[in-house]
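The sequence and the structure come before the points.

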Amino acid sequence: TQEDCATLRIVCEDSYVGMQVELLYTVFHDTDVITRSVKITNIGQKHFYLTKVYSACIDMDNNDFDMISLHGSWARERYIQRKTLGYGIQNVSSFRGESSHQDHPFLALVDKNTTQEHGEIYAMNFVYSGNFRAQAEVSQFGFVRMSMGIHPENFCWKLESGESFQAPEVVMVYTDKGFDAMTAAFHKLYKKHLIRSVYKNKKRPILINNWEATYFDFNTEKLLSIAKEASQLGIEMLVMDDGWFGKRNSDTCGLGDWVVNEEKLNGGLKYLVDEVNKLGMKFGIWFEPEMISPDSDLYRAHPDWAIAIPGRPSTESRQQYVLDLSRKEVVDYIYEMVASVLRSANIEADYVKWDMNRQLSNIGSICLPADRQGELYHRYVLAVYEMQRRLTEEFPNLLLENCSGGGARFDPGMLYFSPQIWCSDDTDAIERLAIQEGTSLIYPLSTMGAHVSDCPNHVLGRTTPFETRGIVALAGTFGYELDVTKIAQKEKDMIPKQVALYHQFNDLIREGDYYRIASYQKNHLFDCWQVVSEDKMEALVTFVQVLSRPNYKSKRILLKGLAEDKQYKVCFVNDETI
């Protein structure tokens with residue numbers, strides 16, 4: 001609201017082109033953050049084309065900076081990279097139609113001596129879910145230009161007379177108190193001023209997802225057997241993942257046919273949901289609304305609805321195409337199919353997992369004229385936002401969780417619509433230490449979808465103690481991704497204790513201030529983080545020993561964020577409690 005912030009609007013004009021440029025700087029009163037965006041208006045009589053629009057640009061002296069960025073791939077997203085900033089241009093970017101697994105829309109320039117507690121940082125994060133470029137350039141004279149915005153490659157936006165183009169916002173943070181202070185600024189802004197969900201400040205239900213339990217091989221009886229066992233252990237929601245619709249018995253077909261497969265769900269969806277509700281559990285469901293399979297009734301009826309360069313065949317990836325969401329009739333049709341499923345059973349107040357499993361390619365639309373083909377990437381992102389806006393407005397009590405092949409679209413643009421995002425398809429607890437460390441560098445713990453899964457882990461094949469899996473998942477939204485009817489009794493007995501820990505500590509984890517004490521990404525031996533309540537009356541310290549070394553002393557953990565004028569009572573959560 002206007003009480004939360006103040007905006008400086010600087011108006012520039014190019015009379016030759018007939019262009020007005022508004023530079024918008026917003027300062028938040030309770031957070032050390034400035035957001036910056038650009039609005040461009042055609043005030044002339046003729047159209048012109050925008051081929052590059054960055055949202056933020058800062059020039060500064062080069063203080064012998066290091067550059068911090070986040071990189072990875074599927075199943076190992078957001079690893080922290082730190083390197084010396086040298087002459088020329090260094091950038092991170094995505095040209096995949098999404099913010100991507102590989103690079104992240106974040107960039108920080110830091111003093112050489114910057115640590116968690118000390119040192120200067122200039123950081124940027126892009127509130128956008130599509131193509132981006134984050135760039136730092138050192139000039140011949142030793143100055144630095146730091147910029148961020150929509151990736152200019154294949155971007156061309158036509159502005160007719162009187163029309164405007166609003167670029168997305170960049171969140172800019174400065175601190176001279178190290179990474180802890182930078183993280184605190186991002187976390188506070190996103191928790192207080194970005195996330196809109198009714199679940200923003202609420203405990204989320206503990207869910208069990210059937211994906212790694214069954215993959216496509218399930219029916220009503222199997223799902224109810226999982227739900228009955230889970231409900232007795234304190235789990236609060238059953239989520240039915242991929243495979244419930246059309247003829248979707250594998251990942252090669254069916255996307256776009258959002259009609260319940262009653263051969264699998266005998267009795268129909270409403271019967272299944274009602275039976276789950278009778279157990280005292282909520283019900284959630286998976287969709288991938290942006291995609292279409294070549295082997296689907298929808299594609300056979302509307303092959304022109306897939307993105308493709310006019311006159312050229314499209315390229316399959318994962319046996320699927322991407323729907324052309326620049327077309328209103330496509331958006332309306334897909335939205336109505338999704339909404340109809342939610343209306344048909346008691347799901348509208350529960351949970352939807354919104355997935356997106358392939359990048360965009362062969363970019364073209366038969367409905368855009370030749371001089372507007374360069375608008376498709378951006379129009380696609382705006383259409384995704386529009387569908388999620390409609391979904392959360394029609395179903396205001398819905399818990400929406402975004403996902404993109406795991407963590408390929410974990411960005412502030414998505415957080416506006418969903419208070420949590422699936423952090424990675426890699427649920428291995430040890431790999432998650434690194435993934436969740438990089439993610440929590442910018443994003444609140446409450447936004448990180450995290451589950452306890454089975455072992456050997458389905459991605460890595462690693463076996464990790466069940467209690468360790470629980471502790472790591474407690475640093476996020478917390479849930480389960482396994483067949484609870486098949487796990488060992490010893491592990492099953494631990495679930496009610498993990499559930500109790502979630503209820504005991506989630507308010508603190510969700511609302512508290514986060515501090516990084518040790519980094520598994522750096523030492524490859526152990527990990528440690530801390531959460532402190534805003535009133536500093538309570539703190540939770542988590543230490544995970546990954547590898548032991550012979551004949552070494554015990555570790556001394558130096559705590560952070562506590563009040564100097566208070567005495568704290570130390571309580572240990574021992575193996576029996578876990």
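This is a predicted model: local features need pLDDT of at least 70, side-chain atom pairs count only at pLDDT 80 or more; totals for chains, interfaces and linings use all residues.

1. In which strand is Asp-513 found? Asp-513 belongs to strand β27, which covers residues 513-518; strands (E, at least two residues) and helices (H or I, at least four) are DSSP runs, numbered from the N terminus.

2. Residues are numbered from 1 along each chain as its sequence is written, and side-chain values use heavy atoms, with hydrogens and water left out.

3. Asp-513 also takes part in a negative surface patch, together with Glu-534, Asp-535 and Glu-538. Patches consist of residues with over 30% relative accessible area and no salt bridge, like charges being joined within 9 Å and nonpolar side chains (Val, Leu, Ile, Met, Phe, Trp, Tyr) within 5 Å. Asp-513 has a relative accessible area of 31% and is partly exposed; buried means under 20%, exposed over 50%, and partly exposed in between (1.4 Å probe, protein chains only).

4. The structure contains 36 salt bridges, a salt bridge being a side-chain nitrogen of Lys or Arg within 4 Å of a carboxyl oxygen of Asp or Glu. One of them joins Asp-242 and Arg-248, with the closest N and O atoms 2.9 Å apart. Asp-242 is buried at 6% relative accessibility, and Arg-248 is buried at 1%.

5. A salt bridge also links Lys-282 to Asp-350, where the closest N and O atoms are 3.7 Å apart. Lys-282 is in strand β18 (residues 282-287) and Asp-350 is in the loop between α6 (328-344) and β21 (351-354), so the pair ties together parts that are 68 residues apart in sequence. Lys-282 is partly exposed, at 31% relative accessibility, whereas Asp-350 is buried, at 5%.

6. Within helix α7 (residues 376-394), Arg-389 and Glu-393 are four residues apart and therefore separated by about one helical turn. These two residues form a salt bridge whose closest N and O atoms lie 2.6 Å apart. Arg-389 is partly exposed, with a relative accessible area of 31%, and Glu-393 is exposed at 54%.

7. Finally, a network deserves mention.

Key: Accessible areas come from the Shrake-Rupley method with a 1.4 Å probe; for residues, only the protein chains shown count as cover. Lys and Arg count as positive and Asp and Glu as negative; His and the chain ends are not counted. The place of a charge is taken as NZ of Lys, CZ of Arg, CG of Asp or CD of Glu.
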